[in-house]
Amino acid sequence: MNIAIIGYGKMGRMIEEIAKQRGHNIVCIIDQDNQADFDSPNFASADVAIEFTTPQAAFQNYLKAFKHNVKVVSGSTGWLEQHGEEIKHLCKEEGKTLFWASNFSVGVAIFRALNRRLAELMNRFPQYDVHLEETHHVHKQDAPSGTAITLAEDILAQLQRKDSWIKGEQHLPNQQFVASQQSNQNQLAIDSFREGEVPGIHTIIYNSEADSISISHNAHSRRGFAEGAVLAAEYTATHSGLLSMDNLFNF
């Protein structure tokens, strides 16, 4: 399979390494200093482009790839609220293909399945309140993380006593602190922490006067995300439309 890489930071380099190990060809690498290569024959020869950039750049990168009928796998977060409906239209009405996930880790896919099942069980026990905590490296621009939002939305689909998620406490670098936006018990708070070079920790906590129940996923490195992105690219090469980890792993 021919793969283009959009965004050549730590994730892009790891994706390149894993893709080559799995026998794929890297035909084009695009970063900030060679944006004109989106219009190159090498980029157009890609079966799939794997994109990990920033919330500000992601959507335009999708459009540039779609212009050349290149399918996209993307782990960029922070763009969905503004451009989600446009992407749905492009994929469902205009034949474009985007495999998007807030997190490509196989472990997180399993964790999401556990989270949905736990929320389904806890719907019967209103004495337990629930909130989320996510911790990431200081370079991450969006808060809460896309993965935390996905986990929260999975809970909201199962837990009738919560109707929306809200930004909880934000613990920023240099001991900066932003208070929670939570104003009522129907809101699901997501607390965010930015520390060092943490790849990602997500914890869901159910708490009552009697006890607490929590589940957590702790990424040891970015490698799990990169491996999952390459698996997603292999899947995307033979599938079309708006795709997600639920398509790749049918738990």
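Trainee: At about what angle does helix α5 (residues 106–122) run to β11?

Mentor: Helix α5 lies across two strands, β10 (201–207) and β11. Helices (H or I, at least four residues) and strands (E, at least two) are DSSP runs, numbered from the N terminus. Angles run from 0 to 180 degrees between N-to-C directions of axes, which are lines fitted to C-alpha atoms, for helices over the stretch in contact. Against β11, the angle of α5 is about 165°.

Trainee: What kind of model is this?

Mentor: Residues are numbered from 1 along each chain as its sequence is written, and side-chain values use heavy atoms, without hydrogens and water. Local features need pLDDT of at least 70, side-chain atom pairs count only at pLDDT 80 or more, and totals for chains, interfaces and linings use all residues, since this is a predicted model.

Trainee: Which strands are the edge strands of the open sheet with mixed pairing?

Mentor: That sheet has 6 strands in the order β8-β7-β9-β6-β10-β11. Two strands pair if DSSP finds at least two bridges between them. An edge strand pairs on one side only, and here that applies to β8 (176–178) and β11 (212–218).

Trainee: Which residue of β8 is the bridge partner of H171?

Mentor: Strand β7 (residues 164–172) and β8 run antiparallel and are joined by 3 bridges. They form a hairpin with 3 residues between them, and N174 in the turn has a positive phi of about 60°. Q170 has V178 as its bridge partner in β8. For H171, the partner in β8 is F177.

Trainee: And which residue stands opposite H171 in β9?

Mentor: Strand β9 (residues 187–194) runs parallel to β7, with 6 bridges between them. In β9, the residue opposite H171 is F193.

Trainee: Are α3 and α4 roughly parallel or roughly antiparallel to each other?

Mentor: The axes of helix α3 (residues 58–67) and helix α4 (residues 80–93) come within 11 Å and cross at roughly 15°. Angles under 35 degrees count as roughly parallel, over 145 as roughly antiparallel, 65 to 115 as roughly perpendicular and the rest as oblique. The two helices are therefore roughly parallel.

Trainee: Which residues of α4 make the contact with α3?

Mentor: Contact means heavy atoms within 4.5 Å. From α3, the contact is made by F59, Y62, L63 and F66. On the α4 side, the residues are H83, E86, I87 and L90.

Trainee: How do α1 and α7 lie to each other, roughly parallel or oblique?

Mentor: The axes of helix α1 (residues 10–21) and helix α7 (residues 223–236) come within 9 Å and cross at roughly 55°. That makes α1, relative to α7, oblique.

Trainee: Is T150 buried or exposed?

Mentor: T150 belongs to helix α6 (residues 146–156). Apart from its neighbours within four places in sequence, T150 is in contact with S102 and R112. Buried means under 20% relative accessible area, exposed over 50%, and partly exposed in between (1.4 Å probe, protein chains only). With a relative accessible area of 13%, T150 is buried.
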